[in-house]
Each structure stands twice: as structure tokens, then as C-alpha cells.
Amino acid sequence: MQAGGSRELEARNYLEKHRIMELVNYLTSTLLFFRPEKPREYLISILERLRIAKVTGVAFPFFMDHSNIVSMFEMMDTSHKGTISFVQYREGLKTLGLLDEDEVLQDDGHVITLEKFRSEVNKRTEKI
């Protein structure tokens with residue numbers, strides 16, 4: 001049993017080291033958000049742009065522009081108060097593939113505004 005646990009740990013460490021789960025989450029979220037007609041070609045184009053960005057050192061353009069972030073925020077802000085709850089904020093980041101499963105966010109008790117949500121999305125996408 002130990003050998004299996006060791007292989008699992010090695011696999012987990014490998015995925016973390018190379019940030020594979022973040023990439024897979026990002027690809028899946030982007031795919032579901034935009035729902036392109038040809039999903040395989042779309043994913044290949046994203047991966048190709050990532051490769052080019054890495055080779056050239058040019059920042060990879062995130063596919064969520066301001067209007068997309070606003071749309072997502074508005075979908076969560078069903079009462080149209082201009083704020084969302086901390087739970088909605090956390091789930092929104094997860095949906096976008098911008099929050100690790102084991103990452104713990106601190107709830108400061110304040111509601112989340114569009115500006116805070118947009119700022120956090122932009123900050124986290126720079127890391128991808």
C-alpha cells in the first residue's frame with residue numbers, strides 16, 4: 001500500500017510543481033464560459049498562444065476581458081445590490097480556475113464589490 005501512496009504523492013507533487021491543475025481548470029473554465037463551436041481547436045489555440053507567450057516572454061493575454069468579468073459578477077449579484085457574498089466570490093474564482101482546491105481565502109466580513117472581484121481576477125490571471 002505504501003508504494004501506491006508514494007506514487008500518488010509523486011503525481012500530486014508533479015502536478016503542483018508544474019501547475020497542471022491550474023492550467024486544466026483554466027482551460028475548462030474558459031471553454032465552458034465561451035462555448036466555442038469547435039472546442040478542440042479552441043483549446044489547441046489557447047495552448048499554442050501559451051507556448052508562444054512562454055517562448056517570447058510576452059505576457060499571455062487573459063481571455064476574460066472587463067465585460068466578461070462584469071457579466072459574471074452580475075450573474076452572481078442576483079439582487080442587483082452591486083455586491084456579492086464571500087461564498088459567491090470564492091466560487092466565482094473556482095469557476096474561473098483561479099482558486100486552488102486547497103487554497104484558503106480569508107473572509108474579512110465585508111461584501112465583495114465588482115472592483116474587488118475584477119482586481120482579484122486580474123491579479124490571479126497574471127500568475128497563470
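A residue is described here as buried when its relative accessible area is under 20%, and in this predicted model Arg-124 is buried because its relative accessible area is 9%. Glu-120 likewise counts as buried, at 10% relative accessibility. The side chains of these residues, Arg-124 and Glu-120, meet in a salt bridge with a distance of 2.6 Å from N to O, and both residues lie in helix 6, 4 residues apart, which is about one turn of the helix. Salt bridges with shared partners join Glu-103, Glu-120, Lys-123 and Arg-124 into one network.

In total, 8 salt bridges were counted. Side chains of opposite charge can pair when their charged atoms come close. In helix 5, Lys-94 forms a salt bridge with Glu-91, the closest N and O atoms lying 3.4 Å apart, and the two residues are 3 residues apart, about one turn of the helix. Lys-94 is partly exposed, at 31% relative accessibility, and Glu-91 is also partly exposed, with a relative accessible area of 35%. A further salt bridge joins the side chains of Arg-12 and Glu-8, at 3.5 Å from N to O; Arg-12 and Glu-8 are 4 residues apart in helix 1, so about one helical turn separates them.

The largest nonpolar core contains 15 residues, among which Ile-84, Tyr-89, Leu-93, Leu-96, Leu-105, Phe-117 and Val-121 touch the most other members. Helix 4 (66–76), helix 5 (86–95) and helix 6 (114–127) are the elements that each give two or more residues to this core, and helix 4 gives the most, with 4 residues. A second, separate core consists of 5 residues, including Tyr-26, Leu-27, Tyr-42 and Ile-46.

Conventions: Residues numbered from 1 in each chain as written. Predicted model: local features only at pLDDT ≥ 70, side-chain atom pairs only at ≥ 80, totals over all residues. Heavy atoms only, no water. Core = buried A, V, L, I, M, F, W, Y, C linked by side-chain atoms within 4.5 Å. Buried < 20%, exposed > 50% of the residue type's maximum accessible area, 1.4 Å probe, protein only. Salt bridge = Lys/Arg side-chain N within 4 Å of Asp/Glu carboxyl O.
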